[in-house]
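Visitor: Please take a close look with me at one part of this model, the aromatic side chains.

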Amino acid sequence: MPQNEICSPQSILDEKGQPHNFGWSKHPDFIYDTSLLYVPRHRITESDRYIVHTPTHMVIFEIRDDGWLGHMGISVISLRDKKRSTQIYSTVIPMGSYQMPPSSVSGSSRWRRKNGFLNFICMEEGVKIIKADIQKFGRHRSLRGALILTPQAGPQSLVTNQPWRGGKKAFRYSQCSPWFFTEGLIQVGSTEIIFTRGNAWGIFDWNRCVRPKADIRYWAAACGHSGGRLLSFCIGYSGADSSQGTENGFFIDGTLHKLEQVTFHIPMSNWLSPWRFTSNDNRLEMTFYPHQERIDRGGLFFHNSARRQVCGFFSGKVQLDDNSIIEFQHLTGLTERSKTQF
């Protein structure tokens, strides 16, 4: 299936606010000008998410504005047992109050309340900083700390601009960068989670979109060392039209190897049994071994959302762009299905 690779800066909106220039890129070349968004603010979604992990823990940080309802959420997951702590703070009708930047490479996303804050900061040369101080996290504990996420030299991302079939002015502009080295410390109560370079990894998931009335999205990502190399991936699909650029790719030492369509074979009767993933071009065969899952739901006025997340480990093989085969075992990552209706 031919896909449209964007190799130079292109605006995702024309002068009338109509989305165009659909496709994919290895770099954040798309220009997202919010002054051209001629739609009601409650139809706009902006989200920044970081998924970081060590051999013992996974931590998920997210700031999300869905117009009618927004939230800041943090999950701390033990990869050694079935323990998990999650704290979500919701905001009614945020409508842009989080002031999330239109670019994934500059600016900051900030959530702040009297009982704490969460900041995502973009620095020079692709470095990201996460700062958190939550006074009440879980059962009468606190969570605080700071992480520095550093890319390899000259890394590539998977950036897509997709329309929705029949969805007037609806589009999804997304970026996934699943290859960060992570360093720092997160303290949850009396437990310290230490992130050291070469032993801790980070995934950056960034989305800006004008929503359709309803959508179901499947998404997965993982990263880590395999055979002495940094291997990572992001895969997914939704109701958006991916004919000009899918969200599917593997990264070897930060270099993208683009895939076409990927199918999630989910055991619907038991999501904690192994999943399979295959691609239509027969380049991917992968099995996901779930560890534990989390379900969250939200709703306000005409907004309803549900998300089912499962963390675990991926093993399989993928054919790269040069036709060589890479096999991998036990990559730590996350899968999810999210459903929204407005």
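Is Phe277 buried or exposed, and what is its relative accessible area?

Guide: Happy to! Phe277 is buried, with a relative accessible area of 0% (buried is under 20%, exposed over 50% and partly exposed in between, using a 1.4 Å probe and protein chains only). Please keep in mind that this is a predicted model, where local features need pLDDT of at least 70, side-chain atom pairs count only at pLDDT 80 or more, and totals for chains, interfaces and linings use all residues. Residues are numbered from 1 along each chain as its sequence is written, and side-chain values use heavy atoms, leaving out hydrogens and water.

Phe314, also buried, has 0% relative accessibility. Phe277 and Phe314 form a tilted aromatic pair, with 6.0 Å between centres and 50° between planes. Rings of Phe, Tyr and Trp (its six-membered ring) pair if their centres lie within 6.5 Å; planes under 30 degrees apart are stacked, over 60 edge-to-face, and the rest tilted. This pair links distant parts of the chain, 37 residues apart: Phe277 is in strand β21 (residues 275-279) and Phe314 in strand β23 (residues 303-319). Strands here are DSSP runs (E, at least two residues), just as helices are (H or I, at least four), numbered from the N terminus.

Both Phe277 and Phe314 belong to one aromatic cluster, whose members include Tyr218, Trp271 and Phe328. The structure holds 21 aromatic pairs. Another is Phe181 with Trp201: their centres are 5.5 Å apart and their planes at 45°, so this pair is tilted too.
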